[in-house]
Amino acid sequence: CGDQLLLPYEGGNLGAINLSQFVKYKKISWKRLEEVIKLSVRFLDNVIDISKFPMKKIEDMAYGGRRIGLGIMGFSDMLYRLRIPYNSEKAAEIADKVMKFISQTTREESEKLCVEKGPYEFNKKSKMRNCSMIAIAPAGSRSIFANSSAGIEPNFGLGYLRKIMGSQEILQINAVLEEALKEKNLYSEELIRKIIRSGSI
């Protein structure tokens with residue numbers, strides 16, 4: 001994959017913060033986001049230590065660089081909650097501000113981990129615990145489990161039918177839209193099916 005540039009036998013464990021969960025009263029909860037970023041960096045770094053690797057070369061590379069990849073998902077849904085159009089200058093400004101915040105906080109936490117546990121083995125003079133920390137992956141499967149928009153991409157549809165094993169149908173509706181419809185007492189299966197059929201609200 002192209003989420004991170006990797007050397008031979010190298011890997012990086014990836015995690016994604018669901019940005020849609022950090023909006024309250026149409027504002028970003030920066031303090032809570034900071035807490036989760038710090039926990040995520042420590043979590044991903046600990047995953048390296050508890051992992052069992054299939055080959056010694058892979059293990060050596062994992063410990064050598066302690067590469068992690070903290071990313072995001074739910075960006076599009078975050079914009080919905082902020083009432084900001086995805087294709088706007090304001091959305092680009094928010095993306096810039098959020099990623100600078102995530103990047104800076106991630107670096108600071110890796111520096112703290114370095115003081116506590118030492119630098120990665122390939123560079124003993126580094127002030128960082130991890131050789132690389134950010135990876136913006138598509139987060140497709142993870143976003144399905146989290147019921148949020150994937151990665152940084154816009155939603156391809158606000159509703160659709162998910163087919164399981166060829167026959168069983170599950171109605172999927174965007175979580176933010178579902179909340180808004182229920183808030184206004186407009187939610188019904190009939191309306192959801194209409195949205196799915198038309199592809200629009």
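How many helices and how many strands are there in the chain? Colour the chain by secondary structure and count seven helices and six strands; helices here are DSSP runs of H or I with at least four residues, strands are runs of E with at least two, and both are numbered from the N terminus. This is a predicted model, in which local features need pLDDT of at least 70 and side-chain atom pairs count only at pLDDT 80 or more, while totals for chains, interfaces and linings use all residues. Residues are numbered from 1 along each chain as its sequence is written, and side-chain values use heavy atoms, with hydrogens and water left out.

**Whole chain**

Trace the elements from the N terminus: their order is β-β-β-α-α-β-α-α-α-β-β-α-α. The C-alpha trace spans about 60 × 40 × 25 Å along its principal axes. Of the 201 residues, 39% are buried, where buried means under 20% relative accessible area, exposed over 50%, and partly exposed in between (1.4 Å probe, protein chains only). Among contacts with a separation of 6 or more, 66% join residues 24 or more positions apart.

**The largest nonpolar core**

Select Ile17, Leu19, Met78 and Ile94. In the largest nonpolar core, which has 28 residues, these four touch the most other members. A nonpolar core is a set of buried Ala, Val, Leu, Ile, Met, Phe, Trp, Tyr and Cys residues joined through side-chain atoms within 4.5 Å. At least two residues of this core come from each of helix H1 (30-50), helix H2 (56-65), strand E4 (68-73), helix H3 (75-82) and helix H4 (89-117). H1 gives the most, six residues.

Now centre on Ile94. Its contacts, leaving aside neighbours within four places in sequence, are Ile28, Phe75, Met78, Leu79, Leu82 and Ile84. Apart from this core lies another, of six residues, including Ile173, Leu181, Ile192 and Ile196.

**Helix H6**

At the start of H6, show the side chain of Asn174: one of its oxygens comes within 3.0 Å of the backbone nitrogen of Val176. After H6 comes Asn185, with a positive phi near 55 degrees.

**Ile134**

Ile134 is partly exposed, with a relative accessible area of 26%. Not counting residues up to four places away in sequence, Ile134 touches Gln4, Ile68, Gly69, Leu70, Met99, Ile102, Ser103 and Thr106. For a distance check, pick the C-alpha atoms of Ile134 and Lys56: they are 25 Å apart in space, and the two residues are 78 apart in sequence.

**The cysteines**

A disulfide is counted for a pair of cysteine sulfur atoms within 2.5 Å, and a search of the whole structure finds zero. Cys114 is buried, with a relative accessible area of 10%, whereas Cys131 is partly exposed at 30%.

Conventions: Contact = heavy atoms within 4.5 Å. Polar contact = N/O pair within 3.5 Å; in protein donor to acceptor, adjacent residues only side chain to side chain.
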